Amino acid sequence: MSDNAANGQAAAQAQLSVQKIYIKDSSFEAPAAPHIFQDQGQPQIQLQLGQQVNALAQDVYELVLSVTVTCKLADKTAYLCEVQQAGIFGVAGFDDANRDAVLGSYCPNVLFPYARQAISDMVQAGGFPPFFLQPINFDALYAEAMSRRNEGAETPALNA
């Protein structure tokens, strides 16, 4: 019973809070406008994602989710839209592995809808048809990154 009480107490002490959500940086470019509006063809969309975690204070972190969407028609760039959606999160009472998982999957999931809306608004304001980013499974991306990290850590040991 004392183990269960200790586990319950540890779980009760783990706290996660969203303190602030904001756009850190954004840009929209339509380098081939206005001629691109007359071009026909199937647009090719490229999506790039990135994230950066910055420790601000003890148990307080800024997570910046970077989303870049590039749309091309043939060899011309129709538009380039970039958003750095950020949030400040209180993450206390977690062990290192669970804290990293919260920052690597949960926090980007919180920020993504805001980035999706900002991208959609900028693309439409730029004169292009509405663009909606599809949902992204940040849990799977985090698991894949951890798997690659673990393989990278094991490789030198195997070669030694």
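Guide: Rings of Phe, Tyr and Trp, the last by its six-membered ring, pair if their centres lie within 6.5 Å. This is a predicted model, and ring pairs link Phe28, Phe37, Tyr79 and Phe128 into a cluster.

Visitor: How many aromatic pairs are there in the whole structure?

Guide: A search of the whole structure gives 5 aromatic pairs. In one of them, Phe37 and Phe128 have ring centres 5.0 Å apart and planes at 45°, so the pair is tilted.

Visitor: Where do Phe37 and Phe128 sit in the chain?

Guide: Phe37 is in the loop between strand 1 and strand 2, and Phe128 is in the loop between helix 2 and helix 3 (138-159).

Visitor: Is Phe37 buried, exposed or partly exposed, and which is Phe128?

Guide: Phe37 has 42% relative accessibility and counts as partly exposed. Phe128 is buried, with a relative accessible area of 11%.

Visitor: And Tyr79 with Phe128, how are those rings placed?

Guide: Their centres are 4.9 Å apart and their planes stand at 55°, so this pair is tilted. Tyr79 is in strand 4, 49 residues from Phe128. Both Tyr79 and Phe128 are buried.

Visitor: New topic. What is the order of the strands in the sheet?

Guide: The order is 1-4-3-2, in an open sheet of 4 strands with antiparallel pairing.

Visitor: Why is one side of strand 1 and of strand 2 left without a neighbour in the sheet?

Guide: Strand 1 (15-29) and strand 2 (44-57) stand at the edges, and each has a single partner strand, so one side of each has no neighbour there. On average, neighbouring strands of this sheet are turned by 15° against each other, direction ignored.

Visitor: How many bridges are there between strand 2 and strand 3?

Guide: Strand 2 and strand 3 (residues 60-73) pair in the antiparallel sense over 13 bridges. One example is Leu47, whose bridge partner in strand 3 is Val69.

Visitor: Which strands does helix 2 lie across?

Guide: Helix 2 (residues 96-125) lies across strand 1, strand 2, strand 3 and strand 4 (76-92). Helix 2 runs at about 140° to strand 4.

Visitor: Last one, Gln85. Buried or exposed?

Guide: Gln85 is found in strand 4. Gln85 counts as buried because its relative accessibility is 3%, and the cut-off for buried is under 20%.

Visitor: What lies 3.0 Å from a polar atom of its side chain?

Guide: The backbone oxygen of Tyr22 does. Leaving aside residues up to four places away in sequence, Gln85 touches several residues, including Ile21, Tyr22, Leu63, Leu111 and Ala115.

Notes. Residues are numbered from 1 along each chain as its sequence is written. This is a predicted model: local features need pLDDT of at least 70, side-chain atom pairs count only at pLDDT 80 or more; totals for chains, interfaces and linings use all residues. Side-chain values use heavy atoms; hydrogens and water are left out. Two strands pair if DSSP finds at least two bridges between them. Helices (H or I, at least four residues) and strands (E, at least two) are DSSP runs, numbered from the N terminus. Axes are lines fitted to C-alpha atoms, for helices over the stretch in contact, and angles run from 0 to 180 degrees between N-to-C directions. Contact means heavy atoms within 4.5 Å. Rings of Phe, Tyr and Trp (its six-membered ring) pair if their centres lie within 6.5 Å; planes under 30 degrees apart count as stacked, over 60 as edge-to-face and the rest as tilted. Buried means under 20% relative accessible area, exposed over 50%, partly exposed in between (1.4 Å probe, protein chains only). A polar contact is a pair of N or O atoms within 3.5 Å; within protein, one must be able to donate a hydrogen and the other to accept it, and residues adjacent in sequence count only if both atoms are side-chain atoms.
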